[in-house]
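Subject: Structure handover and findings

Hello,

Here is the structure for you to look over. My notes follow below it.

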Amino acid sequence: MRKIILTDVEPGMNPKSDELADVIITRMGLMPRKKGSTEKMNAVLMELYERAKKAHRERKPTEAVMTVEEMGVFAGITRQTMYDYLKRWLDLEMITKTSYIGADEKVVIGYKLSGNTLENAFEKARTKIKNNLEFTLRYIQEFQKILKNEKISRAQKK
């Protein structure tokens, strides 16, 4: 199980789209954890969104798909490094893996937003996090119950 790290970064006054995309990526824990790795992961989010809009507008679902190589170019990192970062995007269900037959009859494997819009994809990530918190609450309730029963049991043995 990988870590989901949420932060409380805030945008500055009158942010532009790239700054807000950066804030979103950072708040959701999708930015590289090593400082200086890449500062352009927000470009991947922006491109995924633009491609989803284009695919919906043109009614061509394949337009929404980005290959790992393309994602790496937008992020300014290698394909292999992009694969490492994709795990978190997939864990949060922000993106889904997909494939289609390209113009040259070859299978193209890539990733797209998990919804028709960025908001839909975010809702899936939100549900994933909410479910995690719900399970944690159940563990807390069970922990309290067990701890109480253990104390009662010890007191009765004395």
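Helices (H or I, at least four residues) and strands (E, at least two) are DSSP runs, numbered from the N terminus. Two strands pair if DSSP finds at least two bridges between them. This is a predicted model, so local features need pLDDT of at least 70 and side-chain atom pairs count only at pLDDT 80 or more, while totals for chains, interfaces and linings use all residues. Residues are numbered from 1 along each chain as its sequence is written, and side-chain values use heavy atoms, with hydrogens and water left out.

The hairpin comes first. Strand 1 (residues 95–101) and strand 2 (residues 107–113) pair in the antiparallel sense, over seven bridges. Thr 96 has Lys 112 in strand 2 as its bridge partner. Five residues lie between the strands, and Glu 105 in this hairpin takes a positive phi near 65°.

There is also a surface patch. Ile 101, Val 107 and Ile 109 form a nonpolar patch with about 290 Å² of accessible area together. Areas come from the Shrake-Rupley method with a 1.4 Å probe; for residues, only the protein chains shown count as cover. Like charges are joined within 9 Å, nonpolar side chains (Val, Leu, Ile, Met, Phe, Trp, Tyr) within 5 Å. Ile 109 sits in strand 2.

Now the core. A nonpolar core is a set of buried Ala, Val, Leu, Ile, Met, Phe, Trp, Tyr and Cys residues joined through side-chain atoms within 4.5 Å. Buried means under 20% relative accessible area, exposed over 50%, partly exposed in between (1.4 Å probe, protein chains only). The largest nonpolar core has 27 residues; Met 41, Met 71 and Trp 89 are among those with the most contacts inside it. Helix 2 (41–58) is one of the elements that give two or more residues to this core. Helix 2 gives the most, with five residues.

What does Met 71 contact, leaving aside its neighbours within four places in sequence? Its contacts (heavy atoms within 4.5 Å) are Val 44, Leu 48, Met 66, Met 82, Leu 86, Ile 95 and Tyr 111.

Lastly, two backbone points. Asn 14 is not a glycine, yet has a positive phi of about 50°. Arg 59, also not a glycine, has a positive phi of about 55°, and lies in the loop between helix 2 and helix 3.

Best wishes

Conventions: Patches are made of residues with over 30% relative accessible area and no salt bridge: like charges are joined within 9 Å, nonpolar side chains (Val, Leu, Ile, Met, Phe, Trp, Tyr) within 5 Å. A salt bridge is a side-chain nitrogen of Lys or Arg within 4 Å of a carboxyl oxygen of Asp or Glu.
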